[in-house]
Structures are given as structure tokens and as C-alpha cells.
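Hi,

Here is the structure I promised to pass on to you. Have a look at it first, and then read my notes below.

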Amino acid sequence: MKLNVKPYYSTNLGAAYLGDCRELMSDIPDGSIDLICTSPPFALLRKKEYGNVNAEEYVEWFRDFATQFQRVLKPTGSLVIDIGGSWIKGIPARSLYQFELVISLCKSQEKGGLGFYLAQELYWYNPAKLPTPAEWVTIRRERVKDAVNTVWWLSKTPHPQANNKRVLKPYSKSMQNLLKNGYQPKIRPSGHDISHQFSHDRGGAIPPNMIDGREDQNQTEIGEPTVIEDVFLEDYIYPVNVISASNTASNDIYQKRCKKFGFKPHPARFPAALPEFIINLCTIPGDIVLDPFAGSNMTGSIAESLGRNWLAFEINEDYIQSSRLRFIDAQE
């Protein structure tokens, strides 16, 4: 897909554009995007260098963007937004801004909303997050560390394009043993009848909505199929909605190239595991993925590696310059 403005850089599969995504999206035809996967600025108390809006203003601020998202998405397309939580200034209580935003997006158009459906919540657990807010976590010790972002999966229809077979996880050793040795059907204490079908090999475990991107695969994985006292727990073979991944790696190719060429890396990057999971779940090769708040353009990079077409919009030229380093070998 080509817009009426020249891209900042491009590859055979995608293009990155410098500018306000609201203006750039006006060039995109109605109903042409399969997936919008993005992380807009959060409504944080502390101002960040990439810009953020107060919680009180956030819903109205976001509505202009969301109206365009609704227009450019295909009828079966998905809007997946990573939005971290925030605190009310001066007290250890949470802001409700992200819930207010989702309610606004999912209200019917007749009631003043945009008519999206909430397909599912996913969760990104970032073990590298600092213990903030310090006042309530490390000084007064009244709260625990805030280390989970909610990733809201919205859609224009209750049945968006998605297939969890594309995000299957390798079976755990316990599940492999169960498949090898068989399972004796029985009634669980909860009353569920676990039939012989649970010992069928379906090619992998359906991931839960906690997406595990940790490098140390020797740890027990979140959502791993489990056998406890010879009872196979059915729920654990399904993908969960929590993504466990750090975004602070100092040795990835983006960080190395930023250091080599003298660029300052984007301070709030997606972990690769998050867009990888979402793009595989919600698209097929050849589909078009858009990130309107591209930052370091991890979404475009992952889309490129998975054979998807992509568009990336970024308003900060420093960030789009450094994001180009992800595509040195693929740029036209």
C-alpha cells in the first residue's frame, strides 16, 4: 500500500512514514488494514520524552485516532492496544483511564461509542519494570510493584480473523509423557468429565493469554500443560493472556546498531514476543499490519520477518531514524 507522501524508508514488504498518524491515515482506504498493533503514549503522572497526555484528557485525545482506526480496519480486522496503568496523583489509588477508554471504544455508536467489541484482554508481564511509584512501593511499602500492562484486543465484529493454531506452544515434558503413556478418563472433583480425547496430540499446546517471551526456557512456563496427581489440567493447554517479556535487553540488534551509529534508543520499546504473538494470532502472510505509534518499529520488524505487509507511522524523527536500523538488510 502506497500513500500520497514519500516514506522515510521502505522495504519490499513495508514502509515507515514520518508524521502525525491522524493525517497519514487519511490516505489509507476504508476497510483495508487487517491488524493495528500499537502502544500509544500512556497517561502517566511523569512526563516522558515521547509525549503523554493526562488521564483526565486521555479518552477525548484518543478518540480522534480511534475513529480513524475504526475506518481503516477491515470488517474482520483487529485493534490491539498496549496501555499501561497509571496512578492518581498524591494517593496510592489507580486511575481508571484505560477502562474508561475501552468502555468508550466499545459502546455502541448509538450510545456515543465507536462500536468495537472487546475480543479479549492479553497481559504483558515485564519482570524488568522498576518498583514504581516509589512513594507507595519502596518507601511506605503500601503497594506492590506495578509490572503488568493490559493489552486490549478489540475488533469490529465478534468474530475477527484469528486462529490460535498459529500460536501453539511446544508441549511440556509432562504433556509429552501423557501423550506417550496415555490418560485414563475420569471425573474431576469439579465435576468435569475428562475424556480420552485429552490425550490426543494436536501439534502443540494452545497458548494462554499470558505470552511468555523469556529467554530462559528452563523456567516453568506460564500456561504450561501440567499433570498434578495424575490429573491432567485441561485449562493449562490453552494459550493464556499474559505475555512475560522484558523490553530492556541491551544486546539485541537494535540496541547494538544504535550504539554503533550513535543513536539514542527509544526508551519504551515493545518486546518482540508481544507483536509476534499478536501478528501470528490475528493475521496470515500477505495481510497488512499498521502501527500508528511506531516508536522503534518493533511491530514492523516482526511483521517483516513473518511475511506480512506493514505500515509504520511515527511523529518523532529521532525515533524513526533509529528504527531504520532494524531494516538495514531489507531496505529498498
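Let me start with a criterion: a disulfide here is a pair of cysteine sulfur atoms within 2.5 Å. In general terms, a disulfide is a covalent bond between the sulfur atoms of two cysteines. By this rule the structure has zero disulfides. Cys282 is in none, as the nearest cysteine sulfur belongs to Cys37 and lies 8.5 Å away.

Two notes on where the values come from. This is a predicted model, in which local features need pLDDT of at least 70 and side-chain atom pairs count only at pLDDT 80 or more, while totals for chains, interfaces and linings use all residues. Residues are numbered from 1 along each chain as its sequence is written, and side-chain values use heavy atoms, with hydrogens and water left out.

For burial I use relative accessible area: buried is under 20%, exposed is over 50%, and partly exposed is in between (1.4 Å probe, protein chains only). Back to the cysteines, then: Cys282 is buried at 2%, and Cys21 is buried at 3%.

Salt bridges

The cut-off is a side-chain nitrogen of Lys or Arg within 4 Å of a carboxyl oxygen of Asp or Glu. How many salt bridges does that rule give? The count is five. Here are some of them:

- Arg94 pairs with Asp146, and their closest N and O atoms are 3.0 Å apart. Arg94 lies in the loop between strand E4 (73–83) and H3, and Asp146 in the loop between helix H4 (134–139) and strand E6 (148–155), so the pair ties together parts that are 52 residues apart in sequence. Arg94 is partly exposed at 32% relative accessibility, whereas Asp146 is buried at 17%.
- Asp20 and Arg22 meet at 2.9 Å, N to O. Asp20 is buried, with a relative accessible area of 16%, while Arg22 is partly exposed at 29%.
- Arg140 and Glu135 meet at 2.6 Å, N to O. Arg140 is partly exposed at 47%, and Glu135 is partly exposed at 31%.

The helix and strand labels are DSSP runs numbered from the N terminus (helices are H or I with at least four residues, strands are E with at least two).

Charges over rings

Arg94 turns up again here: its charged end sits over the ring of Trp87, 4.8 Å from the ring's centre. The test is that NZ of Lys or CZ of Arg is within 6 Å of the ring centre and within 35 degrees of the ring normal. Arg326 likewise lies over the face of Tyr254, at 4.2 Å from the ring centre.

Aromatic pairs

Rings of Phe, Tyr and Trp (its six-membered ring) pair if their centres lie within 6.5 Å; planes under 30 degrees apart are stacked, over 60 edge-to-face, and the rest tilted. Searching the whole structure finds 14 such pairs. One of them joins Tyr58 and Phe62, which are stacked at 6.1 Å centre to centre with 15° between the planes. Both residues lie in helix H2 (residues 55–72), four residues apart, about one turn of the helix. Trp61 and Phe62 make a tilted pair, 6.2 Å centre to centre and 55° between the planes. Tyr58 and Phe62 are both buried, with Phe62 at 0% relative accessibility. One aromatic cluster takes in Tyr58, Trp61, Phe62, Phe65, Phe69, Tyr97 and Phe293.

Tyr254, the residue under Arg326, belongs to helix H6 (residues 253–261), where Tyr254, Gln255, Arg257 and Cys258 are buried. These four cover an arc of only 170° around the axis, which puts them on the same side of H6; the arc is that of the directions from the helix axis to the C-beta atoms. On the other side of H6, Lys259 and Lys260 are exposed. Helix H9 (317–323) is included in what covers the buried residues of H6. Just after H6, Gly262 takes a positive phi of about 80°.

Finally, Gln98 is found in helix H3 (residues 97–106). Is Gln98 buried or exposed? Gln98 is buried, with a relative accessible area of 5%. Leaving aside residues up to four places away in sequence, Gln98 touches Ile83, Gly84, Gly85, Thr150 and Trp152, where contact means heavy atoms within 4.5 Å.

Happy browsing!
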